[in-house]
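The sequence and the structure are shown first.

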Protein chains: 6
Amino acid sequence: MNPISRYPVPELKDLAPDLRERILAVQEKAGFVPNVFLALAHRPEEFRAFFAYHDALMEKPGGLSKAEREMIVVATSGANQCQYCVVAHGAILRVRAKNALIADQVAVNYRKADLSARQHAMLEFALKVSQRSAEIGEGDIERLRAHGFSEEEVWDIAGISAFFALSNRMANFLNLRPNDEFYLMGRIKP
Amino acid sequence: MNPISRYPVPELKDLAPDLRERILAVQEKAGFVPNVFLALAHRPEEFRAFFAYHDALMEKPGGLSKAEREMIVVATSGANQCQYCVVAHGAILRVRAKNALIADQVAVNYRKADLSARQHAMLEFALKVSQRSAEIGEGDIERLRAHGFSEEEVWDIAGISAFFALSNRMANFLNLRPNDEFYLMGRIKP
Amino acid sequence: MNPISRYPVPELKDLAPDLRERILAVQEKAGFVPNVFLALAHRPEEFRAFFAYHDALMEKPGGLSKAEREMIVVATSGANQCQYCVVAHGAILRVRAKNALIADQVAVNYRKADLSARQHAMLEFALKVSQRSAEIGEGDIERLRAHGFSEEEVWDIAGISAFFALSNRMANFLNLRPNDEFYLMGRIKP
Amino acid sequence: MNPISRYPVPELKDLAPDLRERILAVQEKAGFVPNVFLALAHRPEEFRAFFAYHDALMEKPGGLSKAEREMIVVATSGANQCQYCVVAHGAILRVRAKNALIADQVAVNYRKADLSARQHAMLEFALKVSQRSAEIGEGDIERLRAHGFSEEEVWDIAGISAFFALSNRMANFLNLRPNDEFYLMGRIKP
Amino acid sequence: MNPISRYPVPELKDLAPDLRERILAVQEKAGFVPNVFLALAHRPEEFRAFFAYHDALMEKPGGLSKAEREMIVVATSGANQCQYCVVAHGAILRVRAKNALIADQVAVNYRKADLSARQHAMLEFALKVSQRSAEIGEGDIERLRAHGFSEEEVWDIAGISAFFALSNRMANFLNLRPNDEFYLMGRIKP
Amino acid sequence: MNPISRYPVPELKDLAPDLRERILAVQEKAGFVPNVFLALAHRPEEFRAFFAYHDALMEKPGGLSKAEREMIVVATSGANQCQYCVVAHGAILRVRAKNALIADQVAVNYRKADLSARQHAMLEFALKVSQRSAEIGEGDIERLRAHGFSEEEVWDIAGISAFFALSNRMANFLNLRPNDEFYLMGRIKP
């Protein structure tokens, strides 16, 4: 079995209080500590900025639903072949969408997934931001507006896709290992 | 929910006896009829040739283990973004490898999966056959030999990768929908 | 001169009767044994399935003309850089289209070939199946319908393109050598 | 002339005190406000996280020289065709390297730039993180070690490349316009 | 500092009179000898043909403005990562367009540059000729006509893009070094 | 049947004497006028430069054999999907190599052609110049030296590949039609 990260993983007791607090909070909520918290704790400043950025996009009230945000993560992480992000955020997507099938569908090919036309347009744009951002033009934005997305929601789609461009690269570099717990999460109706 | 296939799906009672027999046999074994059997039954001649080819490679005694063959299917189907093949053969891989995690790992990025060096080399070659077959050279074969693969096992790797190049394209064309049953198969230890 | 195949080629006398019969039949018709028959005879089960699949698509009555089917083979095999398929099926295309120029044109760039708008649309779709099947959508099918293709003809185009995705990969893997006879076939008016 | 950003740019007086303070500080140092500060101020939470991440990587004491960090930014931003990042960080690179030519060289093709073998290896890895992170393997890390990079410096290279993967996508999405001042900065010896 | 060229550079006194004359003329006009003249002088016949072709396209009276021609050079040379052509023709573009910013903008991403819709269409087509010429179709020409380009101007765009496809490859092969003088040319208003 | 060129083709009697002379000379030698002469005659200055460049590389005494030069043309034109160049230079390659099979082999996939190791290395480099010239490095040149190529022969390989990068783009743009005569040339032993 591969290790959690290419770099040493600090012990909880050696962490700065704000990192430890954050980690204990997520552990209480999820029942385990997702490995991304342990791996990034090797660099406390980057840890703080990473999760501040993450929360600004993923926990922000209003706009895209939580499930839609996770769809963007899963679709773009699939395109970037990021194992950690596909497995971990696939789990969160299943939970948030209350749908046991959607994550695997979106990870492999969103065009074949059980999505609305609006969600299909959202992921088409997210993937353009992820893979060919130099080609983004006014026409792309207009297509989103035609599906009812507000200007701020358009920024949200782009922002999430861009943030996980960073996240996917770090996970791929670190050989970040998804926790075993993620694989089954949200697959069985309670 | 999307339909099983872009084309009409025949009813079991209208099928030729050999197709019906094959379908009933798989239903008995799996507990359900995988949609690929129903979708291809629209074309009985192609159905027969497809499964004859499939069995010649996937059910052949000796050589690669059953789990290794499924790894090739899952890794190359991931690269081709074939939803049906990743989900259905991911399930079979979990069952055959008795490993609840391996299929998702291999589907996203085999380089980060819990594999032996031999399996890593096998999938590297399978993906070259799948994505850049014009560039195959003697050096590729030698690398496989160095990992202990026999000449016949090398053909098996190439053959499975090539057969699923066909299969992935048909599934993508047909919008072939994976059965809901596959998603959970092999994820829970009995 | 390179050998016919990377693998041993069995002698006719050592083959199972059905393989020998098939090979003698093609030899009588063509005047020589195309090397694909000899190379695949190394694996009798795969030989049988391969040619059953081939015949189901290429010899099926009705639908696309025989020349159109060969155009699909030549265009997609060119994109996959499969020497055997371009040379051998280029010869068959010249014979079936009674056109000495069309095969070389289609192999290099079908957009510049002497084709009808309908044939151009057919090859555009065949190449999408061959190279980017994950992106196939309803719009692609509609474009074919607009050119008068029936639903079953659309399947035929996709099926031929998908089958030669398999065939091209096997030929590239096997270093399958085109028979010298193919190069001149159909180039000289009788 | 194109506007600074696709989104409204807030006025300084309307900003939260910490954003205003940061912007005034950079204005005092540079003599103008780089447009990225104004464009991201539309989203204060993302502004804070973005610059916290930026500073953690780019202002961190020790390790890679400041000029080397900017080389990574310029080379990867060129590959992502990010106009703002190439122009703005090209200026900073010229200033930090005290070299009027290096930024244009690195932006177009680092392989042809006046670099040491160590810097060449650094940029080769940075571009792999930027463009093909799924393929990163132990061999890549070993090549860096052979050039004398420490484990922490390897993380720095990856981190900077990954952070600007985010930054490039946001700038491309926002149509972020480089300030005119950047174009000439560092080109004339004082 | 890297040398001018991978090959020996002849001395002016050893050159054939017509080459010497051409070089002295450009030196008088520019104040220095651009390195492409010295590097190609190693092959006098190719030198003569190269500059005859260059002049036929770039010095031809009428049609595209001189600045527009240089935009084509800079945009396509950026796509081909040709350091010499981006730096040297970037300088000429700044001079001819009397615009200190346009060259860097066009080199990185013409879509984000301060261009007219007509110039945007011109560069879109030039890049198609440069990167995907096999896909050029009647629709591409019609889009240019809709922007008011004459048939001869369309040829000019294609011709310049095609000529610099040659030029970029030779410069990349030769490691052709841009003269230091180019970097600052046209950046400061006189 | 498609026309010779997208642009008007001048009549022989309306051409400048030097163009007419060149065309009559090639007609006398080949028995017909290759269409590239007629299509480029629309632009006399470019015609003169084009053929001067062509002759400097392709008719130069010594160095690479005439057949080897045509192999470079055919292999790179195949990669650029240039119908005119593959068909016309394929014919010349058959004649110069006195080999009826080699052109089709090289056009589709040089790796599978009946070539010496030296010729294989030559085409590998020619294709790098053609498709990825920004990545050329000292290692590429060293591999050619190891196969016995002189420095001037290396330039010849690069020069021919670069010149046909231009030629292929012009032919693709012009829809340049290969003369019917080329298709059969060199296929039948006299």
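A residue is called buried when its relative accessible area is under 20%, exposed when it is over 50%, and partly exposed in between. At 38% relative accessibility, Glu138(E) therefore counts as partly exposed. The model under discussion is a predicted one.

## Salt bridges and accessibility

Over all chains, the structure holds 120 salt bridges. Glu138(E) takes part in one of them, with Arg6(F) as its partner and 2.8 Å between the closest N and O atoms. This pair crosses between chains: Glu138(E) belongs to helix H8 (residues 138–146) of chain E, whereas Arg6(F) lies in the segment before helix H1 (17–30) of chain F.

A salt bridge within chain A joins Arg145(A) to Glu138(A), with the closest N and O atoms 3.4 Å apart. Arg145(A) has a relative accessibility of 35% and so counts as partly exposed.

In chain B, the side chains of Arg43(B) and Glu46(B) form a salt bridge with an N to O distance of 2.7 Å. Both Arg43(B) and Glu46(B) are buried.

| Residue with N | Residue with O | N to O distance |
|---|---|---|
| Arg145(A) | Glu138(A) | 3.4 Å |
| Arg43(B) | Glu46(B) | 2.7 Å |
| Arg6(F) | Glu138(E) | 2.8 Å |
| Arg43(A) | Glu152(D) | 3.0 Å |
| Arg43(B) | Glu152(C) | 3.0 Å |

## The interface of chain D and chain A

Chain D contributes 43 residues to its contact with chain A, and chain A contributes 43 residues in turn. Together the two chains bury about 3,700 Å², of which 63% is on carbon and sulfur atoms. On the side of chain D, the residues that lose the most area to chain A are Tyr53(D), Trp155(D) and Arg169(D), which together account for 24% of what that side buries.

Charged pairs are also present at this interface, where 6 salt bridges are found between chain D and chain A. One of them brings together the side chains of Glu152(D) and Arg43(A), at 3.0 Å from N to O. These two residues also belong to a network of salt bridges that links Arg43(A), Glu46(A), Lys60(D), Glu152(D) and Asp156(D).

Polar contacts between chain D and chain A amount to 20 residue pairs. On the side of chain D that touches chain A, two or more residues come from each of helix H2 (35–40), helix H3 (44–58), helix H7 (117–131), helix H8 (138–146) and helix H9 (151–174) of chain D. Of these elements, H9(D) gives the most, with 17 residues. By class, this side of chain D consists of 24 nonpolar, 9 polar and 10 charged residues.

The same surface serves both copies, since 100% of the contact residues of chain D recur in chain A.

## The interface of chain C and chain B

In the contact between chain C and chain B, 43 residues of chain C meet 43 residues of chain B. The area buried between chain C and chain B is about 3,700 Å², with 63% of it on carbon and sulfur atoms. This interface has 6 salt bridges, and one of them pairs the side chains of Glu152(C) and Arg43(B) at 3.0 Å from N to O.

The number of residue pairs in polar contact between chain C and chain B is 20. At least two residues of the side of chain C that touches chain B are supplied by each of helix H2 (35–40), helix H3 (44–58), helix H7 (117–131), helix H8 (138–146) and helix H9 (151–174) of chain C. H9(C) provides the largest share, 17 residues. The residues on this side of chain C divide into 24 nonpolar, 9 polar and 10 charged.

## An exposed residue of chain D

Glu28(D) is located in helix H1 (residues 17–30) of chain D. Its relative accessible area is 71%, so Glu28(D) is exposed. The C-alpha atoms of Glu28(D) and Ile160(D) are separated by 25 Å, and the two residues are 132 residues apart along the chain.

How values were computed. Residues numbered from 1 in each chain as written. Chains lettered and ligands numbered in written order. Predicted model: local features only at pLDDT ≥ 70, side-chain atom pairs only at ≥ 80, totals over all residues. Heavy atoms only, no water. Contact = heavy atoms within 4.5 Å. Buried area = accessible area lost by both parts, 1.4 Å probe. Salt bridge = Lys/Arg side-chain N within 4 Å of Asp/Glu carboxyl O. Polar contact = N/O pair within 3.5 Å; in protein donor to acceptor, adjacent residues only side chain to side chain. Helix = DSSP H or I, 4+ residues; strand = E, 2+ residues; numbered from the N terminus. Nonpolar A, V, L, I, M, F, W, Y, C, P; charged D, E, K, R; others polar. Buried < 20%, exposed > 50% of the residue type's maximum accessible area, 1.4 Å probe, protein only.
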